[in-house]
Amino acid sequence: MTSLSIDTRAESQVPRPSRAVPFGRTLRSEFTKIRSVRSTYWSMAMLVAVSLAWCIAFCAGEASRWAHLSAQDRAGFDATQASIVGVALLGQLVIAVLGTLAITSEYSTGMIRTSLTVMPRRPVMFGAKAATFAGISLVLGFGASFASFFLGQRLLASTHQGATLGQPEVLRAVVAAALFVAVCGLFAFGLGAILRSTAGGLTAAFGLLFLVPQLAKALPGAWYADVVRWLPGGDVIPVITSTVGLNNPPHLFSAWGELAVFAGYTVILLAAGAVAFSRRDA
Amino acid sequence: MIEARGLVKRYGGTAAVNDLSFTIRPGQVTGFLGPNGAGKTTTMRLILGLDHPSAGAVTVNGRPYAQLASPMHVVGALLDAGAVHGGRTAGSHLLCLAQTNGIARSRVDEVLGLTGLTSVAGKRTKGFSLGMRQRLGIAAALLGDPQVLMFDEPVNGLDPEGIRWIRTLMRSLAAEGRTVLVSSHLMSEMEYTADHLLVIGRGRLIADCGMAEFIARGSGQAVQVRTPQPDELTQAVTAAGGTIAPADDSYLEVRGLTEEQVSDLAFAHGIRLYHLAATRVSLEHAFMELTADSVDYRAGQPA
């Protein structure tokens, strides 16, 4: 004999917040979401792993060849860039996947309907989601960049060319590589919000970052020189990771300038994503 | 209390919901019926602000849903049991929902217990059966201890025990004075559960009335009889103002007269009856009659 009624009332007092602070609460919820799925940890481990793998291969390789290098090659060697360029070069691939999935997985699983039912204030939801992802990608970017830098310098010790953070431009390069990773993730996040599809978001992100700069090279030389500095991908990475300036391609802004252009595009995509997220039927 | 006024939702050129107005009152279970594609789910999505109406408005407790800062304390909804991230555990899923509304972790454990999911709280929902997902969706709806509950096809995929559990739950929720709106295709289930009916077809309101009234709106009461003297009975019934028509096998169906009247008539004319019974018109029968014109996808007649 089962009882004829089910008491659904809360035994514990369910708090009814009078002074609602939806953003803080949604931020906590978004953090719970991102830390409670395994793919987050896989992607984070992958990002750090590929950064360090590049660093080891590049720096250990240089160190072993050092004795046979010409004086000119030795002068052009940038120990900082050698250790951290992989963070930006390979890390952008991983963080773009993570950024796209951060928003599109809500759509592919249908979770978005549940999420928006419990938090119908869509700009709040979008902001909390973007802020949570931004926080995680900053931690990841800085972690991978500094870890790669220190590991790389240790591997290059035998060359006596190792860099320290106190040298000019070195800290700037390490920080810029970390920020580049975070901006890249948010760039993909914005595209994911606009396109609402994992495949679409990734195709658009990689297309804009890799394909468009290649296509731009087909432009007549003078046009290319005018256009190239305004492209989101392309030659940004050598510029922001370089400390000596010798490797800088012409026609580009400074490291901060290039990063600012990329961040500008990202802000535009995030704004468009926020509008789309708020206006469209879920 | 849910109030819709002149609600319209168009997708492209077609209106999924067309000028719908209704009020769903507390303290009773309102059954939401309609053929496939009638607009039931769309209406529920409009109530929850997931879709924006093309015209009209709908409010929950007097306010548009999107303006609620802590909607889980006002409305609990189960629209689609599949709308979860399969990689997340049941406990984490409920926790991330609870946190958006400032609901304590202890309430998460409480609703897990209430829905019988405590033992699988740490399991990822990917491996859940449809029945377990339905329970998880119901657990989520109950988190904020809300006054209004909405369930879209809640008994889908449940075994008989689960169906009984849902039925008892709905009745209990309404008995506690809450507003309960539940959609279903299963008419027999609705007959057990609902007090009030909201029936739509092709996005338009067909009926908004009590269960008994809805059934009465159908072709009404009929009396089934079997007799070796069908011609005499037909004459007598027609003379008394009733109608008579052959039904299944050798039965006849009398309309417009009560059981007693048919019995008296037969007795007065010396007509022998082998069988005499009033047939109860089921909700399903009444529903089929009233929505016959508004079925979008009809099964073909076998040749």
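**View 1. Chain B as a whole.** In chain B, 70% of the contacts with a separation of 6 or more are between residues 24 or more positions apart (contact: C-beta atoms, placed from the backbone, within 7 Å). This is a predicted model, where local features need pLDDT of at least 70 and side-chain atom pairs count only at pLDDT 80 or more, while totals for chains, interfaces and linings use all residues. Residues are numbered from 1 along each chain as its sequence is written, and chains are lettered from A and ligands numbered from 1 in the order in which they are written. Chain B has ten helices and 13 strands (DSSP runs numbered from the N terminus: H or I, at least four residues, for helices; E, at least two, for strands).

**View 2. Strand 5 of chain B, covered on both faces.** Look at residues 75-78: B:Val75 and B:Ala77 sit on one side, B:Gly76 and B:Leu78 on the other, and all are buried (20 or more other C-beta atoms within 10 Å of a residue's own, all placed from the backbone). In a regular strand, side chains alternate between the two faces of the sheet.

**View 3. Strand 5 of chain B beside strand 6 of chain B.** These two pair in the parallel sense over four bridges (pairing takes at least two DSSP bridges). Here B:Val75 stands opposite B:Val148.

**View 4. Helix 7 of chain A meets helix 12 of chain A.** On the helix 7 side of chain A you'll find A:Arg122, A:Pro123, A:Phe126 and A:Ala130. Their partners in helix 12 of chain A are A:Leu270, A:Ala274, A:Phe277 and A:Ser278.

How values were computed. Contact = placed C-beta atoms within 7 Å. Buried ≥ 20, exposed ≤ 12 C-beta atoms within 10 Å, placed from the backbone.
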